[in-house]
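Please read the sequence alongside the model, and keep both in view while following the account below.

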Amino acid sequence: MNHDPRNEPPGAQAPDNANPEADPIGAGPAIPTPDPAVAHLRIVLVGTQHPGNIGSAARAMKTMGLSRLVLVAPEKPLDRDAYAMAAGADDVLEAAVVLPDLAAAVADCHLVLGCTARSRRIALEELVPRDAAVLADARARGGSEVALVFGRERTGLDNEELQLCHAAVHIPANPEYSSLNLGAAVQVLSYELRMAALAANTAGGAFERRDPPASHAQLEGFFSQLGEALHAIDFHKGRAPESAMRKLRRLFLRADLDEREVRLLRGVLADVERMAMLAGQRR
């Protein structure tokens with residue numbers, strides 16, 4: 001996603017804001033927002049290097065009816081380039097929330113999808129944009145908070161950030177020229193989210209569940225307690241715990257736990273830790 005708006009060829013930015021009515025892509029009546037599910041969808045940009053790219057992402061979002069933008073530790077504040085590239089999506093930029101790290105940005109989320117190039121660094125389920133959008137829309141339609149996360153222009157998301165994601169989204173671009181700039185990547189996912197919402201609205205579909213889904217923070221608390229419980233019973237037998245914990249994370253994330261299920265599991269772990277402590281005292 002290497003892109004610096006200052007390196008665009010001469011005249012490339014002018015049509016974006018010089019005369020919006022002359023833009024043929026924007027012609028035609030606006031399509032109304034298909035569903036309030038979009039209120040539960042957020043786009044998260046991590047470590048963005050060029051403010052112009054944030055503006056491009058805001059424009060991509062607004063054209064598809066999305067408005068919730070979260071900026072995680074951007075290298076530079078919003079500037080004239082950002083607003084120029086936003087081409088009228090100033091409200092999206094002005095409402096953007098700035099947070100220090102990804103964990104804070106997704107703490108209340110129930111589904112976190114990391115948009116990244118294919119990587120074997122972290123074993124995550126991989127989704128194409130269309131499948132990711134259908135999943136995200138279904139969860140948002142049921143009231144879950146959903147985040148689509150985009151990494152740095154040059155290096156993407158790091159290992160720790162990918163660990164916070166439930167699945168990875170890979171755009172199957174031309175393998176001989178697969179470089180997408182940030183705004184284009186956000187546009188692809190925003191479009192697929194729009195189409196998923198329109199399809200669900202037309203079909204009258206709804207995603208229902210009896211109990212609220214577990215939030216990202218609740219799941220992270222469970223994983224932390226799980227790690228402590230496994231240590232208490234010497235589950236790893238001197239082996240490094242990272243590999244087993246990665247597999248267990250994937251297993252429980254696939255289960256799509258709700259709040260009651262997480263409370264039940266944490267109750268089980270509390271008893272495991274208590275019995276391990278009693279066993280140690282008897283020795």
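What share of the contacts in the protein chain with a separation of 6 or more comes from residues 24 or more positions apart? The answer is 87%. This is a predicted model, and the mean pLDDT of its protein chain is 84, with 82% of the residues at 70 or more.

Confidence is not even along the chain. Over residues 1–34 the pLDDT stays under 50, although the model has 43 contacts beyond four places in sequence for this stretch. Where pLDDT is low, predicted coordinates should not be read in detail.

The protein chain holds 11 helices and seven strands. Of its 283 residues, 42% count as buried. The chain exposes about 15100 Å², and 55% of that area is supplied by carbon and sulfur atoms.

Strand β1 (41–46) pairs with β2 (69–72) in the parallel sense, over four bridges. Within this pairing, L45 stands opposite L71 of β2. Between the two strands the chain passes through helix α2 (residues 51–63), and this β-α-β crossover is right-handed. Strand β2 is also joined to β3 (residues 97–99) by three bridges, and these two strands likewise run parallel. The bridge partner of L71 in β3 is V98.

Which way do the side chains of β2 point? L69 and L71 point one way, V70 and V72 the other, and all four are buried. In a regular strand the side chains alternate between the two faces of the sheet.

In soluble globular proteins, nonpolar side chains tend to be buried together. Here the largest nonpolar core has 38 residues, and those with the most contacts inside it are I43, L45, L69, F150 and V186. Helix α8 (residues 182–203) gives the largest share of this core, six residues. Another core, of 17 residues, lies apart from it and has V112, L124, V149 and C165 among its members.

Next come the loops. V38 sits in the loop between α1 (14–17) and β1. Is V38 buried or exposed? V38 is buried, because its relative accessible area is 18%, under the 20% cut-off.

Two alanines in loops have a positive phi. A73 lies in the loop between β2 and α3 (80–86), and its phi is near 45°, a positive value in a residue other than glycine. With a relative accessible area of 39%, A73 is partly exposed. A87 is found in the loop between α3 and α4 (90–94). Its phi is positive too, at about 50°, although A87 is not a glycine. The relative accessible area of A87 is 25%, so this residue counts as partly exposed.

Note on methods
Residues numbered from 1 in each chain as written. Predicted model: local features only at pLDDT ≥ 70, side-chain atom pairs only at ≥ 80, totals over all residues. Heavy atoms only, no water. Buried < 20%, exposed > 50% of the residue type's maximum accessible area, 1.4 Å probe, protein only. pLDDT = per-residue confidence, 0-100. Contact = heavy atoms within 4.5 Å. Core = buried A, V, L, I, M, F, W, Y, C linked by side-chain atoms within 4.5 Å. Pairing = 2+ DSSP bridges. Right-handed = clockwise from strand over helix to strand, strands pointing away. Areas by Shrake-Rupley, 256 points an atom, 1.4 Å probe, with all protein chains shown as cover.
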